[in-house]
Amino acid sequence: MQQSSDRSVTSRLKAFADSKPGAPSKTANPDFGLISKQLAGLIEGETDRIANLANFSALLWQELPGINWVGFYLLKGKKLVLGPFQGKPACTRIDLGAGVCGTAASMGKTVIVADVHQFPGHIACDAASKSEIVVPLIKDGRLIGVLDIDSPLIDRFDHHDQQGLEDLLQVLIPRL
Ligand code: SME
């Protein structure tokens, strides 16, 4: 018990140290190890793709601070089509190569955009969004979709988020 209370104090101190005066706080780095354990529990014994994508997006919505949209676009033919998500209603179809989602999908690599207004071709679904991370979903060597997360904060996502999200998707993808 003592240990968990110490950890909580440490994480609050870290959140304070990470905060910038006058700017909205990103707050502490999420504990992706803990989120991974929660995810493993949620998807255990469930093989339905939509159910697992839906719970994954709800888990990230609950656990990641400073975000205003999280969800999936799934590859259908040559388009990315809106899948399970949390947040405001969003555009339903994105061409490969278009916007941040289509760019990450066609490169097969994670894209972090610190300021979406500086990204040529960014697709604005919510005017409040200022930064974004998109991680491709690759199963058996083939693209099946992307995970997209938006934030109302400039420069919300960093390489810690990228690594954490890519690791979580390694847990999720066998269940899709
Ligand atoms: N901004 C994305 C579109 C999807 S929404 O953010 C939910 C893009 O540029 O691909």
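A: In this predicted model, helix 2 consists of twelve residues, and from its first C-alpha to its last it reaches 16 Å, close to the 16 Å expected at 1.5 Å a residue. Three of its residues, I35, L39 and I43, are buried. Viewed down the axis of helix 2, these buried residues fall within an arc of 60°, so they line one face of the helix. The other side of helix 2 carries exposed residues, namely G33, L34, K37 and G41. After helix 2 comes G45, which has a positive phi, near 80°.

The next matter is what lies over the buried face. The cover of the buried residues of helix 2 includes helix 3 and helix 5. Helix 5, in turn, has its own buried residues, and what covers them includes helix 2 (32-43), helix 3 (49-63), strand 5 (131-139) and strand 6.

The buried residues in question are D161, L165, L168 and L172. Turned away from that buried side is a face of helix 5 with the exposed residues H159, H160, Q163 and Q170. Helix 5 spans residues 159-172, has 14 residues, and reaches 20 Å between its first and last C-alpha, close to the 20 Å expected at 1.5 Å a residue.

These helices belong to a chain with five helices and six strands. Read from the N terminus, the order of the elements is α-α-α-β-β-β-α-β-β-β-α. The chain has 176 residues, of which 30% count as buried. Among its contacts between residues at least 6 apart in sequence, 52% join residues at least 24 apart.

Some words on confidence complete the account. The average pLDDT of the chain is 88, and 85% of the residues score at least 70. Over residues 1-25, however, pLDDT stays under 50, and for this stretch the model has nine contacts beyond four places in sequence. Where pLDDT is low, predicted coordinates should not be read in detail.

Conventions
Residues are numbered from 1 along each chain as its sequence is written. This is a predicted model: local features need pLDDT of at least 70, side-chain atom pairs count only at pLDDT 80 or more; totals for chains, interfaces and linings use all residues. pLDDT is the predictor's confidence in each residue, from 0 to 100. Two residues are in contact if their C-beta atoms, placed from the backbone, lie within 7 Å. Helices (H or I, at least four residues) and strands (E, at least two) are DSSP runs, numbered from the N terminus. The expected span of a helix is 1.5 Å times one less than its number of residues. A residue is buried if 20 or more other C-beta atoms lie within 10 Å of its own, exposed if 12 or fewer, and partly exposed in between; C-beta atoms are placed from the backbone. The arc is that of the directions from the helix axis to the C-beta atoms.
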